[in-house]
Amino acid sequence: MQTHTTASAVLGSPLKINSLEIKNRILLGPMAVLRPTEDGRPSPQSIAFLRRRARGGVGLVFVGGAVASERAWNESPFFPNVRFDKDEFVPDLARMVDAVHDAGAAIFAQIFPSFGRMGVPRNGAHPIAASPKPVVLGAAGFPDHVYVPGGRVTPPPTEATADDIAQVQADVVSAARRAKDAGFDGVEIGAHMCYFYSSFLSPLANKRTDEYGGSAENRARALRDAVAAVRAEVGPDYPVGIRMSVNDHMPGGQGPEGFAEVAAHIVTAGVDFISLSEANYESMAENVPSRSGNMLAHGEPQAFRAAVGGIPLFLSSTPDPQQAADAISAGHADATMLARQLLADPDYANKVIEGREGDIVWCDHANSCMRRLMTNIPVACHKNPKMGREDPGAKRSTALQNVFVWAAGNALLMKIADVAAKAAPKPKH
Ligand SMILES: Cc1cc2nc3c(=O)[nH]c(=O)nc-3n(C[C@H](O)[C@H](O)[C@H](O)COP(=O)(O)O)c2cc1C
Ligand code: SF4
C-alpha cells in the first residue's frame, strides 16, 4: 500500500478504477440537488452545480437524484429527477458530461432502479421490494436538526416477483447503456438505503424463502445478477460499481461483517468499486452523521476490505482530510466521497491538495439541506449562499419556504408539532 503521509499527497494521488484513471481521491457523492427540468433533463443549474465542483478540484463527480426506470420516476419521493430511462434523454445527458469533462473531472452516473421500500404509490403503480416491509422513518434516530413530527411509516411495498426482478434488471442494463452512450466514464448501481436492491441485502428487510432470500449468497443474487448483466452490456473495460449499505444500525439488524459477506458474493460478477453507504432511512442519524470518520469508527471499510480484497472502496462522511488520508494509507479505503462538505465548500478538493486546509469552509452539520430535500424545497446551503445558484437563472426557494425550513429545524417548535401530530385523530381505513 502507500507510504505517503500528508493528506495532500495521499488524497491528491491518482486512482485507477478498471481502465479509468482519476486524477485524485476526492469524490463528489451523488446528491439530489441538481434541479433538473420538470421533464427530467439536466438544466443549466444541474450543469453549473456539477461544473463548479469539478472546477473545485474533485477527481470524480457522481450524478445523483437520477432514475433508471419509469417506475422510479413515478414513485419517487423527491422530484424532479434526472432521467436515464429513455433514449431521448441521451443527448441532454451528454451535454452535462461534456461540461464536467471540460472542467477537468470524470463523471459517473448513479443508476437508480427503483425506490423499493421508500417508493410512493402513484399513478396506479405500487412500489415493490424483497418483502412487504415498510420503513419506519428514523426508528433508530434522525440526524441532528431533522425532525418528522408524528413520525412516518411508508406504505408496505409488494413482494417483488421473479418477473419484477427481471424487469428491474432490464431497466438497469438499458440505463447503463444510455449512460455509456452519453459519455459517462462509469456507472454505479444504487443498492443502498431502503431502495430496491438494498431490500434484498439484509435479513431485516428480506424475509423471502425463495432463491433470493435466506443465505448471504441468496440475498446477494438479485444485485449480483444485475451487475453481471450490466457488465455483459458495457464490456470488460468500462467501470461498473455498486453503492451499497454497510450496516443496518438497527436492533436485530445486519452489521458490517454480514453486509461484507453479501458483497463478497456480488463482486464476483465484475464490480470495479464499492461506494460504502452508512445505515439507512430507519437509522438516518448514522447516515448523515455530525462527526467525521463515523464509518471508520464502526469498522465498516475494514470489514469490507477483509471480505472483498483490493477492490476500490469509497469512504463516506470523512471530511477531516488527515483522517481520510490515514484510512487510505492504512488500506481501509481508496478514496473519500463527500456530499454535504462539497455543498458548503466547492473548492474543498483544491484547498486540501494545495495544502490550504485553513481556508476550508466547513459544513456545520445543521442539516438545513436535508430538511429541504425531505420537503421538496430547492436545496440550498446556509454556509454557502452561492450553492443552488451556480446558474444565475436557477429557481430559488420562496421566503415562506425559507421560514418553513428554519421552523422545521427548531427543536422546541418541532416538539410541539410532534405532540400535536400524535394527538390528532388517525385517518380511518
Ligand atoms: C441534499 C442531499 C441529497 C442527497 N441525494 C442523494 C442521492 O440522490 N443519491 C445518493 O445515493 N445519496 C444521496 N445523498 C446522500 C449522500 O450522498 C451521502 O451519502 C450522505 O450525505 C452522507 O455523506 P456526507 O456526510 O458527506 O454528507 C444525499 C444527501 C444530501 C445531503
Ligand atoms: S446546509 Fe450546508 S452547512 Fe448545513 S449541513 Fe447542509 S451542507 Fe452542511
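Me: A crossing of two helices is left-handed if the near helix is turned anticlockwise from the far one by less than a right angle, and right-handed if clockwise. The model here is predicted: local features need pLDDT of at least 70, side-chain atom pairs count only at pLDDT 80 or more, and totals for chains, interfaces and linings use all residues. Residues are numbered from 1 along each chain as its sequence is written, while chains are lettered from A and ligands numbered from 1 in the order in which they are written. With that in hand, is the crossing in which α2 passes α4 left-handed or right-handed?
Reply: Start by finding the two helices (helices are DSSP runs of H or I, at least four residues, and strands are runs of E, at least two, numbered from the N terminus). Helix α2 covers residues 44–55 and helix α4 covers residues 90–102, and their axes come within 8 Å. As α2 passes α4, the crossing is right-handed.

Me: Are α2 and α4 roughly parallel or oblique to each other?
Reply: Their axes cross at roughly 25° (axes are lines fitted to C-alpha atoms, for helices over the stretch in contact, and angles run from 0 to 180 degrees between N-to-C directions). Under 35 degrees counts as roughly parallel, over 145 as roughly antiparallel, 65 to 115 as roughly perpendicular and the rest as oblique. α2 and α4 are therefore roughly parallel.

Me: How many nonpolar residues does the contact of α2 with α4 have?
Reply: Ser 46, Ile 47, Leu 50, Arg 51 and Ala 54 of α2 meet Arg 95, Met 96, Ala 99 and Val 100 of α4 (contact puts C-beta atoms, placed from the backbone, within 7 Å). Ala, Val, Leu, Ile, Met, Phe, Trp, Tyr, Cys and Pro count as nonpolar, Asp, Glu, Lys and Arg as charged, and the others, Gly among them, as polar. That gives 2 charged residues, 1 polar residue and, for the nonpolar class, 6.

Me: Are α7 and α8 roughly parallel or oblique to each other?
Reply: α7 spans residues 216–234 and α8 spans residues 256–267, with axes 8 Å apart and a packing angle of about 40°. Their crossing is right-handed. By that angle, α7 and α8 are therefore oblique.

Me: Which residues of α8 make the contact with α7?
Reply: The contact holds 6 nonpolar, 1 polar and 4 charged residues. From α7 come Ala 216, Glu 217, Arg 219, Ala 220, Leu 223, Arg 224 and Val 227. From α8 come Glu 261, Val 262, His 265 and Ile 266.

Me: At what angle do α8 and α11 pack?
Reply: α11 is residues 300–308, and its axis runs 8 Å from that of α8. This crossing is right-handed. Among the residues in the contact are Pro 256 and Ala 260 of α8 and Phe 304 of α11, and the contact has 10 nonpolar, no polar and 3 charged residues. The angle is about 35°.

Me: What is the bridge partner of Ile 274 in β13?
Reply: β12 (residues 273–277) and β13 (residues 313–316) run parallel and are joined by 2 bridges. Across from Ile 274, the partner in β13 is Leu 313.

Me: Which helix gives the most to the shell around ligand 2?
Reply: There are 13 residues around this ligand (each with its C-beta atom, placed from the backbone, within 6 Å), and Arg 340, Cys 363, Cys 369, Cys 381 and Lys 383 come nearest. α13 (340–344) and α15 (368–374) each supply at least two residues. With 3 residues, the top contributor is α13.

Me: And which helix gives the most to the shell around ligand 1?
Reply: Ligand 1 has 23 residues around it, with Gly 29, Gly 64, Ser 317, Ala 339 and Arg 340 nearest. By class they are 11 nonpolar, 10 polar and 2 charged. Giving 3 residues, the answer is α15.

Me: Which residues does a cis peptide bond join?
Reply: Most peptide bonds are trans. Here a cis bond has omega of about -10°, and Pro 80 sits in the loop between α3 (70–75) and β6 (82–83). The bond joins Phe 79 and Pro 80.

Notes:
Contact = placed C-beta atoms within 7 Å. Pairing = 2+ DSSP bridges.
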